[in-house]
Amino acid sequence: MAGLTAAPEVLPGIPFARGLQEVAGAGFLLYCATAAALLLAKFWFVLRNSGERR
């Protein structure tokens, strides 16, 4: 086990897995940013139109 932690680049697939983790992290951040933008837009429209209902 100590040998695997000392030289992880020897194992096949480790660079691919590392790249896959980076892509997944970037996709998750994009998903969160999109959800936050949609929620902000919804609240902005709700607050903007709240005075017109009276």
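Accessible areas come from the Shrake-Rupley method with a 1.4 Å probe, and for residues only the protein chains shown count as cover. By that method, the protein chain has an accessible surface of about 5100 Å². Carbon and sulfur atoms hold 72% of that surface.

This is a predicted model: local features need pLDDT of at least 70, side-chain atom pairs count only at pLDDT 80 or more, and totals for chains, interfaces and linings use all residues. Residues are numbered from 1 along each chain as its sequence is written, and side-chain values use heavy atoms, with hydrogens and water left out.

The protein chain has 2 helices and 0 strands. These are DSSP runs, numbered from the N terminus (helices: H or I, at least four residues; strands: E, at least two). Tyrosine 31 lies in helix 2, residues 14-49.

Of the 54 residues of the chain, 0% count as buried. Buried means under 20% relative accessible area, exposed over 50%, and partly exposed in between (1.4 Å probe, protein chains only).

| Residue | Relative accessible area | Class |
|---|---|---|
| Tyrosine 31 | 58% | exposed |
| Tryptophan 44 | 48% | partly exposed |
| Phenylalanine 45 | 41% | partly exposed |

The structure holds 1 aromatic pair. The ring centres of tryptophan 44 and phenylalanine 45 are 5.0 Å apart and the planes stand at 65°, so the pair is edge-to-face. Rings of Phe, Tyr and Trp (its six-membered ring) pair if their centres lie within 6.5 Å; planes under 30 degrees apart count as stacked, over 60 as edge-to-face and the rest as tilted.
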